[in-house]
Amino acid sequence: MKKREPEQKFYSNKNILNSGAQYMLQIGERSNGKSYADKWYCLKVAWDEKDPYTGELCPEYQFAYIRRWEVEIRPKDIEQYFDDMVINKMGAHPIEEITGGEWSQISVYQRRIYFAKVDPESGKVIRGKEIGQAFAITQEVHYKSLAFPLIGRGIFEEFITDAGYLEKEPKRFLSLMSTIFRRDRGKMFLIGNTVTRLCPFIREWELTATLRQKKDTIVIYHKETDQEDIEGNPIVVNIAVEFCENSGKNSKMFFGQSAKMINSGDWDSENQPHLAGYLDEYTRVNDMIMELDGMKYRLQLLKDKEGRPLVYIYPMNEISEKERTTKRIISDEYSLNVNQTTGWVDNRYKYDRIYMTLLSAKKYAFSDNLTGTEFLLSAKNHGLI
């Protein structure tokens with residue numbers, strides 16, 4: 001008997017919208033419907049000029065489509081991004097349904113986004129209502145003198161990436177937000193797949209629980225600003241992070257380690273070396289703590305039964321009282337900690353030299369694949385190996 005496939009679960013952004021947050025970070029597996037739900041919501045608001053869930057009127061009915069690079073907001077790429085709103089795999093035509101059949105597709109001209117349709121007689125594309133605009137973070141300084149009074153929400157795709165971030169990206173992103181929304185409140189969806197936890201937005205916005213967050217949960221962070229409202233109360237910016245539930249539908253075109261992230265939503269990792277035996281079979285010579293890109297690792301210098309050295313590395317979420325006695329902490333951030341020798345790699349320290357030599361020679365082992373993947377990526381970015 002043929003095994004029944006798991007039922008497809010379609011993601012809904014209703015819960016994260018109900019959080020009332022200005023920034024809504026949606027993290028999870030690929031193709032679970034995050035982008036589709038946000039596009040549908042933005043298009044629905046743009047047409048009806050009211051919230052489809054609450055019925056609240058939306059005078060700022062347009063949306064911003066945000067990408068990192070200017071090359072990512074070419075008209076054909078934006079139009080292709082909305083192709084699943086023209087017709088999806090279920091055979092539905094969302095844009096036609098939203099507009100009551102008046103419009104059937106998306107057209108982009110000079111980075112302005114319109115509802116559109118094809119004239120059956122001439123074959124030409126006819127543009128209708130303007131519903132949004134596209135922005136590149138790399139061009140944020142060029143938008144500063146412009147006004148966007150009709151934009152009230154937006155989508156930033158792939159805020160988590162393994163293809164590299166811009167210098168000071170979170171700061172530049174917030175600068176762009178201040179230009180688009182000025183003094184008003186907006187709703188921004190930030191969509192990311194679980195390709196890597198080494199994301200500057202998670203680190204710089206101090207979204208600490210995100211690294212250990214369980215699936216199908218929403219965590220809300222409240223960030224006080226140095227501004228006050230008309231009643232003299234501090235203005236608070238709310239950030240909601242949702243680790244989205246799995247869709248229940250596996251891809252049929254992926255296999256191996258990468259399929260774990262694509263199909264299950266687990267953080268992406270590559271196979272890494274592990275200890276050949278149990279930890280207590282090795283002799284511990286030295287240990288230190290290393291902090292890289294907001295992640296803490298414990299490094300232990302071990303020797304096997306034949307006296308061959310290697311570095312064993314495992315993650316540290318918190319430093320216990322016992323671990324506070326560690327004499328050496330290597331950090332990529334400046335620290336005023338006076339109880340320990342703290343700083344960057346220093347060849348004057350004997351064990352610094354030994355650790356770096358072993359790492360460069362790939363004589364290391366990790367507690368798990370995710371720790372190894374993230375540690376090696378950070379170490380390479382900082383020139384340690």
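This is a predicted model: local features need pLDDT of at least 70, side-chain atom pairs count only at pLDDT 80 or more; totals for chains, interfaces and linings use all residues.
Modeller: Residues are numbered from 1 along each chain as its sequence is written, and side-chain values use heavy atoms, with hydrogens and water left out.

Colleague: How many helices and strands are there in the protein?

Modeller: Helices (H or I, at least four residues) and strands (E, at least two) are DSSP runs, numbered from the N terminus. On that basis the protein has ten helices and 15 strands.

Colleague: What percentage of the 385 residues is buried?

Modeller: Buried means under 20% relative accessible area, exposed over 50%, and partly exposed in between, with a 1.4 Å probe and protein chains only. Of the 385 residues, the buried share is 45%.

Colleague: Why is strand β12 largely enclosed by the rest of the structure?

Modeller: Strand β12 covers residues 309-316. It is largely enclosed because, of its eight residues, the number buried is six.

Colleague: Which residue in β12 is the bridge partner of Arg-298?

Modeller: Two strands pair if DSSP finds at least two bridges between them. β11 (residues 295-303) and β12 run antiparallel, joined by eight bridges. They form a hairpin with five residues between them, and Gly-307 in the turn has a positive phi of about 85°. The β12 partner of Arg-298 is Tyr-314.

Colleague: Do β12 and β15 run parallel or antiparallel, and which residue in β15 is the bridge partner of Tyr-312?

Modeller: Three bridges join β12 to β15 (residues 364-366), and the two strands run parallel. In β15, the partner of Tyr-312 is Ala-365.

Colleague: Is Ala-361 buried, exposed or partly exposed?

Modeller: Ala-361 sits in the loop between α9 (350-360) and β15. Ile-385 is 24 residues away from Ala-361 in sequence, and their C-alpha atoms are 8.6 Å apart. The relative accessibility of Ala-361 is 42%, so this residue counts as partly exposed.

Colleague: How many nonpolar, polar and charged residues are in the lining of the second largest pocket?

Modeller: On a 1 Å grid over the protein atoms alone, a pocket is an open set of points where a 1.4 Å probe fits, with protein on both sides within 12 Å along at least five of seven lines; lining residues have an atom within 4 Å of a point. This pocket has 22 of them, with Tyr-23 and Thr-225 among those nearest its centre. Ala, Val, Leu, Ile, Met, Phe, Trp, Tyr, Cys and Pro count as nonpolar, Asp, Glu, Lys and Arg as charged, and the others, Gly among them, as polar. By class, the lining has nine nonpolar, five polar and eight charged residues.
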